[in-house]
Amino acid sequence: MHDGSGRIVVQGLSKQFGPIIAVNNLSFTVEPGSVTGFLGPNGAGKTTTLRMLLGLVRPTAGGSTINGLPFEQLGNPGRVVGAVLEAQGFHPTRTARNHLRVYATAMGVPDERADQVLALVGLSEAGHRAAGSFSLGMKQRLALATALLGDPQVLVLDEPANGLDPEGIAWLRAFLQSFARTGRTVLISSHLLAEVEQTVDQVVIISRGQTVYYGGLDYLRQSQQSRVLVQAADPQALVTKLQEAGVNAVEPTPDGRLAITGVDRKTVADTAMAAGIALYDIQQENVDLEQLFFRLTQGQYAGQQPPPGYGPPPGGGWGPPPGPGYGPPSGGYAAPTYAPPQGYPGTPPQGTPPGYAPPGYAPQGTPPQGYAAPQPGYAPPQDYVPPPVDPQQYQQQYQPQAAPPPEQPPGGGWGGNA
Ligand SMILES: Nc1ncnc2c1ncn2[C@@H]1O[C@H](COP(=O)(O)OP(=O)(O)OP(=O)(O)O)[C@@H](O)[C@H]1O
């Protein structure tokens, strides 16, 4: 019997397709009562991970459970987990309602459920139409309706916002949040942080099949320390004066400027003026979440250019951005790939055959010294505070409710493009 917790646990999950390491020792937990974003660039291994979670691909190593059991032991899995991996596969001439009834029969739920889920996703008026005539946005909704047929406790959706227009995304956000607030579990993948930023409570960010961040978005935001970039007539004198003022996080940049973390522009300018040091340029650099996401995952593609001002670290390779303010965010879990131990020569470029080490790189698949990959049973650091997980508390706090159906735009079109 499953434990009814609604918890998803992924432990040491790996998948290799021939020479390609699609997923590499991935571990994370998704708690009920929350929406978790599963993020990474194209090819990072998101779909492969979800397919392993749903018993569609056999892992090379590790495993995953839903409600404490591997997918294949869930009995009638559609009653436990609703999944959408791609919003395709509808019979083009079958009506949406009939499509749902076929699945309802297979799952052992009454026919009436088809109309209930059509209403839940705002497709009641379109139930008599052939699925083949649906726009991409409508197909996404129909796929979601199919996943909801068994009234599952867990929803797993691969790129659900793909093809949705802003109104469709807003609708999906309201729906998923209301679903999670009834104490259920939502895991959604995306390659765009901005697309899910307002929907998710926590994120698992992966790059090249490995976790690079696991935790709340708030922690990630807090880690976005801004820095002041300054060009001074006498940089060394300015460093000394700043140190005398207690500002020690000062680093030279490759273009000859100083990067100062933890102070505002005014403090730097006042310090320079008091010491009679001329400044030729001074600017505050704020890092937004999207940039941070890009940096966390930028090592994925060999040859990909980083944002302006963020070249590869000295000695080559595409390690994490150096310097203060760019370490793992406190409270969140950042995998060693994000902040490798000193001396770690970096991960070989993608496509490097296993065991082969180009000069300056460790052989692919070889953990660097001191590297401790997340192991089965890995728990986030003690100061990591996951979102509340008590379903009963949520039940009391929020009345389970369906998201309001979206307004149908004039002309009968729905969110998304055909
Ligand atoms: N059946 C397969 N055979 C060989 N390689 C595969 C297979 N499935 C996935 N891959 C490879 O595994 C890697 C991860 O792919 P995956 O589809 O899981 O990434 P993703 O993060 O979901 O990307 P996207 O956002 O583009 O869907 C890619 O390099 C991909 O080419």
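Student: What makes the span of helix α5 (residues 166-180) agree with its 15 residues?

Tutor: Expected span is 1.5 Å times one less than the number of residues. For α5 that should be 21 Å, and the end C-alpha atoms are 21 Å apart, so the two agree. Helices here are DSSP runs of H or I, at least four residues, and strands are E runs of at least two, numbered from the N terminus. By the way, this is a predicted model: local features need pLDDT of at least 70, side-chain atom pairs count only at pLDDT 80 or more, and totals for chains, interfaces and linings use all residues. Numbering starts from 1 along each chain as its sequence is written.

Student: Which residues of α5 are called buried?

Tutor: Gly168, Trp171, Leu172, Phe175, Leu176, Phe179 and Ala180. Buried means 20 or more other C-beta atoms, placed from the backbone, within 10 Å of a residue's own. They cover an arc (directions from the helix axis to the C-beta atoms) of only 160 degrees, so they sit on the same side of α5.

Student: What makes a set of residues a nonpolar core?

Tutor: They're buried Ala, Val, Leu, Ile, Met, Phe, Trp, Tyr and Cys residues joined through C-beta atoms within 7 Å. The largest has 73 residues, of which Ala145, Val156 and Ile205 touch the most other members. Its largest share, seven residues, comes from α4.

Methods:
Buried ≥ 20, exposed ≤ 12 C-beta atoms within 10 Å, placed from the backbone.
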